Amino acid sequence: MPIRRALLSVTDKTGVVELARALAAQGCELISTGGTRAALEAAGLPVTEAAAVSGNPEAFGGRMKTISFAIESALLYDRERDAGEAAALGIRPIDLVACNLYPFREHADAGEPLEALMEQVDIGGPTMIRAAAKNHRWAAVLTSPTQYAGVIAELAAGAGALSPATRERLMREAFNHTADYDAAIAQAVDQRLGAHSLRLAFERGRPLRYGENPHQGAWLLRERSAPVSLADAEVLSGKEISHNNLVDLVAALEAVQDLPAEACAVVKHANPCGLAVAPDQRAALAAAWEGDPVSAFGSVIAFNTPVRADTVGFFDLGHPDRARRRFVEVVAAPGFTDDALEGLKVHSNLRVVQVDPAALRPRLTFRSLPGACLLQEADTTLEAGFAVQTRVSPAVDDPDLVRLGLVATRQVKSNAIAVVRRRPDGVLQLLGAGGGQPNRLDSIRLAVGRCRDNLAREYRGPEEGREDYIRSVLGSAILVSDAFFPFPDNVEGAAAAGIKTMYEPGGSMRDAKVVERADELGVCVVFTGIRHFKH
């Protein structure tokens with residue numbers, strides 16, 4: 001069905017002249033209003049004023065333009081069933097509408113007050129869009145300049161007509177467009193009047209192989225309004241990414257995004273089992289892997305810089321002895337050199353994901369509950385200043401190392417303890433972590449146990465010197481806790497292992513007793529002022 005009449009009324013004028021020219025070239029009459037009409041006429045195109053179709057002038061400072069019986073009927077009537085009635089009423093069909101709406105969201109985000117914001121609520125535009133979308137069997141509706149090029153090409157190839165499939169696709173996009181627009185208005189009005197609401201829309205849903213377990217279905221959807229989404233991450237090689245891969249991938253990306261280059265995170269079951277910062281990328285990977293080489297098997301690994309070939313060599317993916325290959329599920333980074341990508345493709349199941357950790361910084365996070373939603377601001381503040389509480393100062397004065405420890409405890413499930421060190425070669429390493437425990441003492445025991453295992457494995461001296469070596473390294477390490485020490489026994493457990501410097505938020509009703517015990521033991525406690533629970 002050729003398009004013989006089109007109504008163009010757009011806020012964003014991008015590409016509208018080109019669209020109008022393509023329509024006019026097919027013999028289509030152009031109807032328009034206000035600024036759009038002026039733009040088309042300035043381009044030398046003949047335009048019928050919308051008022052000539054509606055029978056009414058623009059009024060009330062532009063609030064009334066296209067809302068009329070004549071225009072909405074021209075969009076809405078069924079070309080077969082209602083043809084006789086339309087003819088009797090003098091209604092001629094309008095076959096295409098191009099309309100994008102007042103920029104309400106931009107004005108709302110700029111903080112405009114309610115009264116000013118109401119002037120950005122489009123009335124006529126959504127009415128025309130919905131009318132054409134409802135009658136998509138006969139009418140086409142365009143809501144974005146991004147749609148114009150495809151439509152122009154199809155008009156040229158189809159003698160001025162658009163296929164039913166195209167009109168159906170445009171209809172779906174139109175209803176999503178007006179739904180998003182109304183949601184933005186409702187949420188902004190609620191916010192300004194003190195009512196908290198959240199309206200989210202997701203699209204491009206694609207099925208995953210399964211969910212957290214094989215008997216569960218799962219899908220990945222993209223938040224429509226998000227400028228950047230993990231759903232946009234490009235899988236360059238390997239098997240289809242899974243539900244659990246994605247959960248671990250988020251944890252890995254978050255772990256490296258607030259660290260300097262070169263940082264590497266090794267994540268298993270959403271917890272960093274390895275985290276390191278080094279002068280070069282391969283050294284960072286090796287140090288992170290050595291943080292827990294058993295758990296690193298089948299892990300998800302993220303970098304905050306593009307991956308290079310020498311880093312890939314660490315995995316030994318092509319080694320003839322399969323036992324020597326270091327198997328991982330996912331490697332993610334902002335980019336990959338060509339030779340690095342080829343090296344990773346040696347393992348056909350390894351998922352290689354290109355995504356920039358620094359770009360994924362949501363302002364808010366939410367969690368689905370049965371019939372409810374928890375909404376909170378993202379945890380982006382690592383500390384509120386450091387305050388030494390004890391008579392003894394920190395055994396280690398290393399802000400970069402403290403930062404590594406704070407990032408680690410923010411990412412480990414609560415109760416979280418991280419022990420970090422600076423190696424003699426300058427590499428910053430998560431030496432051991434304990435998390436996900438109902439009490440903090442167990443987390444300390446887990447973290448210290450992991451530290452001892454790692455140090456015992458790396459020690460190369462005589463057996464009688466092993467314990468002295470372990471205690472010496474722990475004495476120059478830093479323990480960081482995600483929340484306050486509720487009792488002095490936390491300090492006692494750490495001090496018994498040889499740890500001399502501990503960072504915790506403070507805020508316990510027993511802070512004084514904790515500090516008193518630390519002074520008795522001759523160790524240092526520093527308050528950070530910020531808790532980092534992660535449930």
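The legends below describe several close-up views of a predicted model.

Because the model is predicted, local features need pLDDT of at least 70 and side-chain atom pairs count only at pLDDT 80 or more, while totals for chains, interfaces and linings use all residues. Residues are numbered from 1 along each chain as its sequence is written, and side-chain values use heavy atoms, with hydrogens and water left out.

**View 1. Domain division of the chain.** The chain is divided into domain 1 (5–193), domain 2 (233–359) and domain 3 (379–527), with bounds that come from an automatic or database domain assignment. The centres of domain 1 and domain 3, taken over C-alpha atoms, are separated by 63 Å.

**View 2. The largest nonpolar core and its most connected members.** A nonpolar core is a set of buried Ala, Val, Leu, Ile, Met, Phe, Trp, Tyr and Cys residues joined through side-chain atoms within 4.5 Å, where buried means under 20% relative accessible area, exposed means over 50% and partly exposed lies in between, with a 1.4 Å probe and protein chains only. The largest such core has 44 residues, and those touching the most other members are Leu249, Leu275, Val353, Leu404 and Ile478. Helix α11 (residues 243–257) supplies the largest share of this core, seven residues; helices (H or I, at least four residues) and strands (E, at least two) are DSSP runs, numbered from the N terminus. Domain 2 (233–359) and domain 3 (379–527) each give at least three residues to this core. Another core, of 32 residues, lies apart from it and includes Leu75, Ile129, Ala131 and Ala139.

**View 3. Surroundings of Leu404.** With its neighbours within four places in sequence left aside, Leu404 is in contact (heavy atoms within 4.5 Å) with Leu259, Leu275, Val277, Val420, Leu428, Gln429 and Leu430.

View 4. On a 1 Å grid over the protein atoms alone, a cavity is a set of points where a 1.4 Å probe fits but cannot get out, whereas a pocket is an open set with protein on both sides within 12 Å along at least five of seven lines; lining residues have an atom within 4 Å of a point. Grid points are joined across faces, edges and corners, and a volume is the space filled by probe spheres set on the points. The count by this rule is one cavity of 30 Å³ or more, and the largest cavity holds about 50 Å³ of space. Its lining consists of Arg206, Leu220, Leu230, Ala231, Ala233, Val235, Ile241, Leu246, Leu249 and Val353. By class, this lining has nine nonpolar residues, no polar residues and one charged residue, with Ala, Val, Leu, Ile, Met, Phe, Trp, Tyr, Cys and Pro counted as nonpolar, Asp, Glu, Lys and Arg as charged, and the others, Gly among them, as polar. Leu249 and Val353, which belong to this lining, are also among the core members that touch the most others.

**View 5. The second largest pocket.** The second largest pocket contains about 460 Å³ of space. It is lined by 24 residues, of which Gly62, Arg63, Lys65, Tyr102 and Asp122 are the closest to its centre. The elements that give two or more residues to this lining are α2 (34–42) and α8 (124–134). Its lining has seven nonpolar, twelve polar and five charged residues.

View 6. Pro93 sits in the loop between α5 (83–89) and β4 (96–98) and counts as partly exposed because its relative accessibility is 26%. Not counting residues up to four places away in sequence, Pro93 touches Arg5, Ala74, Tyr77 and Arg79. Glu492 belongs to helix α18 (residues 489–496) and is likewise partly exposed, with a relative accessible area of 32%. Under the exclusion of residues up to four places away in sequence, Glu492 touches Arg517 and Leu521.

**View 7. Backbone exceptions in loops.** Most residues other than glycine have a negative phi, and most peptide bonds are trans. The peptide bond from Ala261 to Glu262 is cis, with omega near -5°, and Glu262 is placed in the loop between α11 and β9 (263–268). Ser414 and Asn415 are also joined by a cis peptide bond, with omega about -5°, and Asn415 is in the loop between α15 (399–411) and β17 (417–422). Ala159, in the loop between α9 (148–157) and α10 (164–192), has a positive phi of about 55° and counts as exposed at 55% relative accessibility. His269, in the loop between β9 and β10 (271–277), has a positive phi near 50° and is exposed, with a relative accessible area of 64%.
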